Amino acid sequence: CGVAALSALTVVLVLLCRRRLSRKKLLLAVPRGEAAFVFTDIQHSTYLWETFSDMALALDIHNAVLRTLIDTYDGYEVKTIGDSFFVAFSEPRNAVLFAMKAQLEML
C-alpha cells in the first residue's frame, strides 16, 4: 500500500537551505501560493542509533540523497531536525514524485 510505503520514510520537505544562497535567490526558491508539503522520518531511528555503530554514515547518505532529490524535484528544504525533513513544493506532482523516489532510494 502506498501509505504503508511512505510511512517507512514519512516524507519531510526540508526548506532549511544550508547552501550559501543570496537572500534574493533564497526568497525566489520559496514556493508561493498553493504548496505541497512532505515530511520524512526514519522509522525506529532511536533503536537504529543504539544498535548500529555506523548510523552517522547512514544518516549522512540519507541526507545527501534527500537533498539531491529536493533539488531534482524543485523542492524547498524548510527544516531538518535529526533524521526528519520538512520540504515544500509548489507543484503537488513534484512532491509525490519526490516521495516515491525517496522511498525507492532508501530501500
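The following legends describe close-up views of a predicted model.

**Figure 1. Overview of the chain and its secondary structure.**
The predicted chain contains 5 helices and 3 strands. Read from the N terminus, these elements follow one another in the order α-α-β-α-α-β-β-α. Of the 107 residues in the chain, 35% are buried. Contacts between residues at least 6 apart in sequence were also examined, and 75% of them join residues at least 24 apart.

**Figure 2. Helix α4 and its buried side.**
Helix α4 spans residues 55-72 and has 18 residues. From its first C-alpha to its last it reaches 25 Å, close to the 26 Å expected at 1.5 Å a residue. The buried residues of α4 are Met-55, Leu-59, His-62, Asn-63, Leu-66, Arg-67, Leu-69 and Ile-70. These residues lie on the same side of α4 because they cover an arc of only 160° around the axis. The face turned away from this buried side carries the exposed residues Leu-57 and Asp-60.

**Figure 3. The largest nonpolar core.**
This core has 12 residues. Its members are Ala-36, Val-38, Leu-66, Leu-69, Ile-70, Tyr-73, Phe-85, Val-87, Phe-89, Ala-95, Phe-98 and Ala-102. At least two residues of this core come from each of β1, α4, β3 and α5. Leu-66, Leu-69 and Ile-70, which belong to the core, are also among the buried residues of α4.

Strands β1 and β3 pair in the antiparallel sense over 5 bridges. Within this pairing, Phe-89 in β3 is the bridge partner of Ala-36.

**Figure 4. The salt bridge between Glu-77 and Arg-67.**
Side chains of opposite charge can pair when their charged atoms come close. The model has 2 salt bridges in total. One of them joins Glu-77 to Arg-67, with the closest N and O atoms 2.9 Å apart. This pair links distant parts of the chain, for Glu-77 is in strand β2 and Arg-67 is in helix α4, 10 residues apart. Glu-77 has a relative accessibility of 2% and therefore counts as buried. Arg-67 is also buried, with a relative accessible area of 17%.

**Figure 5. The salt bridge between Glu-105 and Lys-101.**
Here the closest N and O atoms of Glu-105 and Lys-101 are 3.3 Å apart. The two residues are separated by about one helical turn because they are 4 residues apart in helix α5. Glu-105 is partly exposed, with a relative accessible area of 40%. Lys-101 is likewise partly exposed, its relative accessible area being 32%.

**Figure 6. Two residues with a positive phi.**
Most residues other than glycine have a negative phi. His-44 is not a glycine, yet it has a positive phi of about 60°. His-44 lies in the loop between β1 and α3. With a relative accessible area of 61%, His-44 is exposed. Asp-74, which is also a residue other than glycine, has a positive phi near 55°. Its place is just after α4, in the loop between α4 and β2. Asp-74 counts as exposed, at 57% relative accessibility.

**Figure 7. Arg-93 and Tyr-73.**
Arg-93 is found in helix α5. At 61% relative accessibility, Arg-93 counts as exposed. Along the chain, Arg-93 and Tyr-73 are 20 residues apart, and their C-alpha atoms are separated by 9.1 Å.

Conventions:
Residues are numbered from 1 along each chain as its sequence is written. This is a predicted model: local features need pLDDT of at least 70, side-chain atom pairs count only at pLDDT 80 or more; totals for chains, interfaces and linings use all residues. Side-chain values use heavy atoms; hydrogens and water are left out. The expected span of a helix is 1.5 Å times one less than its number of residues. Buried means under 20% relative accessible area, exposed over 50%, partly exposed in between (1.4 Å probe, protein chains only). The arc is that of the directions from the helix axis to the C-beta atoms. A nonpolar core is a set of buried Ala, Val, Leu, Ile, Met, Phe, Trp, Tyr and Cys residues joined through side-chain atoms within 4.5 Å. A salt bridge is a side-chain nitrogen of Lys or Arg within 4 Å of a carboxyl oxygen of Asp or Glu. Two strands pair if DSSP finds at least two bridges between them. Contact means heavy atoms within 4.5 Å.
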